[in-house]
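Work through the exercises below with the model open beside you. Try each task before reading its solution.

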Amino acid sequence: MMDVPSSWDALRKQARKLEAQLDEQMNSYRKAVSTKVPAKNDTSENNLESGIDRLLKQLQQVNSQMQAWVSSGGTEMVSHTLTRHQEILQDLTQEFYRLRSSLRAKKEHASLLEDFREFDRTRLDLEEGVGSGEQALLKEHASISRNTGQVDTVISQAQATLGALVIQRSTFGGINSKLSNVSSRLPTVNSILSAIKRKKSMDTIILSLVASVCTFLIFIYWLSK
């Protein structure tokens, strides 16, 4: 744990010490980031990142104490010195975050390339028959997938046939319902037709009677002349 300085000079001395340590570790970190092929799990890089992060937090703490000193009545020169230390802290922090992001991006890129190479090697082994057991498993998996697809096709056809039968059943049900309605109405229709026929018969009889009477009257009139 860092000791708390009791004067401005002690604070400034502590800030310079931390800045020097950060410069040294940042130089090492820059070299690590500039490496073409970074290691996946490099303990030295992880320790270096942790050390830089710890020093940055300590420098931030010292700057906060210096800010409190200036706020309590420091001179303009003291305020200018504080501003300079704050700028150094800001520059170091930004560079550290940028370098760390760049290093992680390189590691991820290298990991993806390695995974791709491993996949390509596995594929070549399968094509050349080296991994016969794995190849057999892949073939079996492909066969199962084809059989599953065929079963799905049969199920789909069965479902479609069932749907057609349901529709036909509904259609036949509607026809039966209509036939039942017609059958139920036939007596009424027959009754109406019978009534119409009876009415026509009555009209025919009445017309015949009228014609007969008129003919008889004409005959009587002709005889009386």
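**Exercise 1: Lys 57 and its partner**

Task: Classify Lys 57 as buried or exposed, then examine its salt bridge.

Solution. Lys 57 has a relative accessible area of 57%, so Lys 57 is exposed. The cut-offs: buried means under 20% relative accessible area, exposed over 50%, and partly exposed in between, with a 1.4 Å probe and protein chains only. Next, the partner. Lys 57 forms a salt bridge with Asp 53, and their closest N and O atoms are 3.5 Å apart. A salt bridge needs a side-chain nitrogen of Lys or Arg within 4 Å of a carboxyl oxygen of Asp or Glu. Asp 53 has 24% relative accessibility and therefore counts as partly exposed. Both residues lie in helix α2, four residues apart, about one turn of the helix. An α-helix has 3.6 residues a turn, so residues three or four places apart point the same way.

A note on the source: this is a predicted model, where local features need pLDDT of at least 70, side-chain atom pairs count only at pLDDT 80 or more, and totals for chains, interfaces and linings use all residues. Residues are numbered from 1 along each chain as its sequence is written, and side-chain values use heavy atoms, with hydrogens and water left out.

**Exercise 2: The overall fold**

Task: State how many helices and strands the protein has, and their order.

Solution. The protein has four helices and zero strands. Helices (H or I, at least four residues) and strands (E, at least two) are DSSP runs, numbered from the N terminus. From that end, the order is α-α-α-α. Of the 225 residues, 18% count as buried. Now the contacts, meaning heavy atoms within 4.5 Å. Among those between residues at least 6 apart in sequence, 75% join residues at least 24 apart.

**Exercise 3: The span of α1**

Solution. Buried residues of α1 include Trp 8, Leu 11, Leu 18, Leu 22, Met 26 and Tyr 29.

**Exercise 4: Salt bridges between helices**

Task: Which helices do the pairs Glu 95–Arg 30 and Lys 107–Glu 45 tie together?

Solution. The salt bridge count comes to four. Take Glu 95 and Arg 30: their closest N and O atoms are 2.5 Å apart. Glu 95 lies in helix α3 (residues 76–128) and Arg 30 in helix α1, so the pair ties together parts 65 residues apart in sequence. Glu 95 counts as buried at 18% relative accessibility. Arg 30, at 30%, is partly exposed.

Now Lys 107 and Glu 45: this salt bridge has its closest N and O atoms 3.1 Å apart. Lys 107 lies in helix α3 and Glu 45 in helix α2, so the pair ties together parts 62 residues apart in sequence. Both residues are buried, with Glu 45 at 6% relative accessibility. Glu 45 also touches Ala 32 and Leu 103, not counting residues up to four places away in sequence.
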